[in-house]
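Please keep the sequence and the model in view while reading the numbered points.

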Amino acid sequence: MATSRVPAAVDQLLAILSTAQGLDGVLVLDGPPSVNLTGAERVYVGWLPEGGPAVTLTQDFNAAGARTRDESFSIFGYAEVWSGGTDMQSMRSRVFELVAEIETALRATDAAPEAPTLNGAVLWSHVTAGDLFQDQTTDGARAGVNFTVACRARI
């Protein structure tokens, strides 16, 4: 018996985002960054640059008899774009395009009816929150959005 749907949900979120057409060319990473990454556009699943948990969760019994449990959890992620230039407006616009693609990838379509359930890993999931970060350094402009994918599962 599974004690949590978190591992399966994170795996399926990564699978969905890695193959999302709208994120073609964007590096989708599992957890924290590695060294020497290339590419100006990245989506991290299970990592936030300011630290903190990869996932938070709560569980409770579904009904009397304690045969099943309901689990609610949030998977945290971070979308980031950067360039060698100074045009913050274009970085901000592009990072929100990436978050929109993440949200779109989690919506049901005829081609992907199981997307909101993370391919059956949860009862439902959706993007629920985010924060915009902007930075201008000698290396150029950078914009990032941390996002939350809220999930509900039965175990």
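1. Buried residues make up 38% of the 155 residues in the protein chain. Here, buried means under 20% relative accessible area, exposed means over 50%, and partly exposed lies in between (1.4 Å probe, protein chains only). The protein chain exposes about 8300 Å², of which carbon and sulfur atoms supply 52%; such areas come from the Shrake-Rupley method with a 1.4 Å probe, and for residues only the protein chains shown count as cover.

2. A word on the basis of these values is needed. This is a predicted model, in which local features need pLDDT of at least 70 and side-chain atom pairs count only at pLDDT 80 or more, while totals for chains, interfaces and linings use all residues. Residues are numbered from 1 along each chain as its sequence is written, and side-chain values use heavy atoms, with hydrogens and water left out.

3. The overall dimensions may be considered next. Along the principal axes, the C-alpha atoms fill a box of roughly 60 × 35 × 25 Å.

4. The protein chain has two helices and six strands, and from the N terminus on its elements run α-β-β-β-β-α-β-β. Helices (H or I, at least four residues) and strands (E, at least two) are DSSP runs, numbered from the N terminus. Of the contacts with a separation of 6 or more, 62% are between residues 24 or more positions apart; a contact means heavy atoms within 4.5 Å.

5. Which strands pair with β4? Strand β2 (residues 41-45) is joined to β4 by five bridges, strand β3 (residues 55-61) pairs with β4 over seven bridges, and 13 bridges join β4 to β6. The pairing is antiparallel for β2, for β3 and for β6. Two strands pair if DSSP finds at least two bridges between them.

6. Ser 74 in β4 is the bridge partner of Thr 56.

7. Is β4 mostly covered or mostly uncovered? It is mostly covered, for 11 of its 14 residues are buried. Phe 76 lies in this strand, which spans residues 69-82, and counts as buried because its relative accessible area is 17%. Leaving aside neighbours within four places in sequence, Phe 76 is in contact with residues including Val 45, Trp 47, Leu 48, Pro 53, Val 55 and Phe 147. As background, the side chains in a regular strand alternate between the two faces of the sheet.

8. At 21% relative accessibility, Ser 83 counts as partly exposed. Not counting residues up to four places away in sequence, Ser 83 touches Met 91, Asp 139, Gly 140 and Ala 141.

9. Strand β5 (residues 124-137) and strand β6 (residues 140-154) pair in the antiparallel sense over 13 bridges. A hairpin of two residues joins β5 to β6, and Gln 136 stands opposite Ala 141 in β6.

10. Two residues in the loop between α2 (88-105) and β5 deserve attention: Leu 118 and Asn 119. Neither is a glycine, yet phi is positive at about 50° for Leu 118 and at about 55° for Asn 119. Most residues other than glycine have a negative phi. Leu 118 is buried, because its relative accessibility is 0%, whereas Asn 119 is partly exposed at 42%.

11. Ala 20 belongs to the loop between α1 (6-19) and β1 (27-30) and is buried, with a relative accessible area of 15%. Ala 20 and Ile 102 are 82 residues apart along the chain, while their C-alpha atoms are separated by 8.1 Å.

12. Finally, the charges may be noted. The mean positions of the 10 positive and 18 negative charges of the protein chain are 8 Å apart. Lys and Arg count as positive and Asp and Glu as negative, whereas His and the chain ends are not counted; the place of a charge is NZ of Lys, CZ of Arg, CG of Asp or CD of Glu.
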